[in-house]
Amino acid sequence: MSVLTHFDSEGQAHMVDVSAKLPTARVAVAAGRICMAPDTLALIREGRAGKGDVLGVARIAAIQGAKRTADLIPLCHPLSLSRVAVHFEFEASPPAVRCEVTAQTVGPTGVEMEALTAVQVGLLTIYDMCKAADKGMLITDVGLMEKQGGKSGPWRRDQGSTSDQA
């Protein structure tokens with residue numbers, strides 16, 4: 001396991017100094033899903049949710065979540081994002097909505113946390129908009145799918161993760 005960089009030599013938490021790192025193009029893709037009752041999925045798919053366009057609102061929320069990551073995760077650097085793309089797809093069995101976010105920047109540090117935060121905020125927004133119909137929805141399988149750029153180079157979940165495959 002590599003050294004945990006968010007701790008100094010005395011074991012105190014700190015924000016990593018990235019000032020000496022050259023800016024490079026960086027991309028991260030994260031995904032997750034929210035499982036729900038079939039009737040709830042139908043409400044979303046057919047646009048019958050009482051609060052409006054569920055996926056439209058969730059898309060904007062996910063983008064906003066990516067932009068606000070440094071406000072939520074204490075040791076994240078504020079990043080100038082060059083792109084945040086949010087894609088939703090319906091899954092029939094089990095009934096769910098899958099959210100995938102691609103975050104991009106050119107900078108000295110990666111965008112993994114922005115992509116992961118965006119997925120969570122998008123899925124939480126779906127929960128919020130549909131909770132009157134289905135309080136049993138379950139957010140699951142959130143994880144980094146791939147990343148590109150930086151010193152460690154490219155990584156894909158299907159190329160050697162030690163955790164369960166999402």
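One term before the residues: buried means under 20% relative accessible area, exposed means over 50%, and partly exposed lies in between. Keep in mind that this is a predicted model.

C35 takes part in no disulfide, and the nearest cysteine sulfur, in C99, sits 13 Å away. A disulfide needs two cysteine sulfur atoms within 2.5 Å. Is C35 buried or exposed? Its relative accessibility is 18%, so C35 counts as buried.

Now C76. Which cysteine has the sulfur closest to that of C76? Again the name is C99, but the distance is 18 Å, and that is too far for a bond. C76 has a relative accessible area of 12%, so this residue is buried. So C35 is buried at 18%, and C76 is buried at 12%.

On to the charges. Side chains of opposite charge can pair when their charged atoms come close. How many salt bridges does the count come to? Eight. I will take some of them in turn.

Pair E46 and R48. They form a salt bridge, with the closest N and O atoms 2.6 Å apart. How accessible are the partners? E46 has 49% relative accessibility, so it counts as partly exposed. R48 comes in at 47%, and R48 too is partly exposed.

Next, D128 and K131. Here the closest N and O atoms of the salt bridge are 2.4 Å apart. D128 is partly exposed, because its relative accessibility is 37%. K131 is partly exposed as well, at 31%.

Then D158 and R156. Their side chains meet in a salt bridge, 3.2 Å from N to O. Is D158 buried or exposed? Exposed, because its relative accessible area is 52%.

Which residues are linked in a network of salt bridges? R33, E91 and D141. Please find those three on the screen.

To recap. The salt bridge count is eight, including E46 with R48, D128 with K131 and D158 with R156. R33, E91 and D141 make up a salt-bridge network. And once more, the model is predicted. Thank you.

How values were computed: Residues numbered from 1 in each chain as written. Predicted model: local features only at pLDDT ≥ 70, side-chain atom pairs only at ≥ 80, totals over all residues. Heavy atoms only, no water. Buried < 20%, exposed > 50% of the residue type's maximum accessible area, 1.4 Å probe, protein only. Salt bridge = Lys/Arg side-chain N within 4 Å of Asp/Glu carboxyl O.
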